[in-house]
Amino acid sequence: MKETYEFLKVKTQVNYVATINGERPSCRPFGDPVLFDNKIYVLTSKNKSVSKQIAENNHVCIVAYDENEWIRIDCELIDDSDNIEAKKAILEEFDWAEEAGYTLDNPDFQVLYISNATSTILDEEGNEGAKFNF
């Protein structure tokens, strides 16, 4: 998990989360993850289509590239929005979050953590360099 987190947090600025939208794939950029309670968290708003898609099917694929290697994470995103401590950790990590409306009293502030993950780091030719399960 540590290698996956560092790849997403340190090596890249943006990662892409692919979900299923009905019968079609949908992909969008996400920002930095947050490490809290030995889990990798992401945040979104329950008003966004990505939240609704994850509620329908929480199996996602996350991909990022750092100009030398790329990572593919096949996982589930678990809604942990009732976890106030996780939300506090995210608010402490990102000074922009409150200004963007992510506040503890906002019922649409959603936090999700990566679970049941297979994380694979590959070189530019697609050769597998490392594989992690967590």
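Asparagine 116 is exposed, at a relative accessible area of 52%; here "exposed" means over 50%, "buried" means under 20%, and "partly exposed" covers what falls in between, using a 1.4 Å probe and protein chains only. You'll find Asparagine 116 in strand β7, where strands are DSSP runs of E with at least two residues, helices are runs of H or I with at least four, and both are numbered from the N terminus. Its phi is positive, about 45°, although asparagine 116 is not a glycine.

A word on what you're looking at: this is a predicted model, so to speak of a local feature takes pLDDT of at least 70, side-chain atom pairs count only at pLDDT 80 or more, and totals for chains, interfaces and linings use all residues. Residues are numbered from 1 along each chain as its sequence is written, and side-chain values use heavy atoms, with hydrogens and water left out.

Asparagine 38 also has a positive phi, near 60°, in a residue other than glycine. Look for asparagine 38 in the loop between β3 (34-36) and β4. With 62% relative accessibility, asparagine 38 counts as exposed.

Then there's asparagine 133, which sits in strand β8 (residues 128-133). Asparagine 133 is exposed too, with a relative accessible area of 59%. Setting aside neighbours within four places in sequence, asparagine 133 is in contact with Ala117 and Thr118, contact being heavy atoms within 4.5 Å. Valine 34 is 99 residues away from asparagine 133 along the chain, and their C-alpha atoms are separated by 18 Å.

Now step back to the whole chain. The protein has three helices and eight strands, and reading along the sequence gives α-β-β-β-β-α-β-β-α-β-β. Its C-alpha atoms fill a box of roughly 45 × 35 × 25 Å, taken along the principal axes. Of its 134 residues, 45% count as buried. Among contacts with a separation of 6 or more, 61% are between residues 24 or more positions apart.

What about the inside? The largest nonpolar core has 22 residues, and those with the most contacts inside it are Val60, Ile62, Ile71, Ile73, Cys75, Leu77 and Ile114. (A nonpolar core is a set of buried Ala, Val, Leu, Ile, Met, Phe, Trp, Tyr and Cys residues joined through side-chain atoms within 4.5 Å.) At least two residues of this core come from each of α1 (2-11), β4 (39-45), α2 (49-56), β5 (59-65), β6 (69-79) and β7 (109-123). Apart from it lies another core, of 12 residues, including Ala97, Tyr102, Val111 and Tyr113.

Take leucine 77 as a way in: not counting residues up to four places away in sequence, leucine 77 touches Val17, Val42, Ile54, Asn58, Val60, Leu112, Tyr113 and Ile114.

Finally, the aromatic rings. A search of the whole structure finds five aromatic pairs, and Phe94, Trp96, Tyr102 and Phe109 form one aromatic cluster. Rings of Phe, Tyr and Trp (its six-membered ring) pair if their centres lie within 6.5 Å; planes under 30 degrees apart count as stacked, over 60 as edge-to-face and the rest as tilted.
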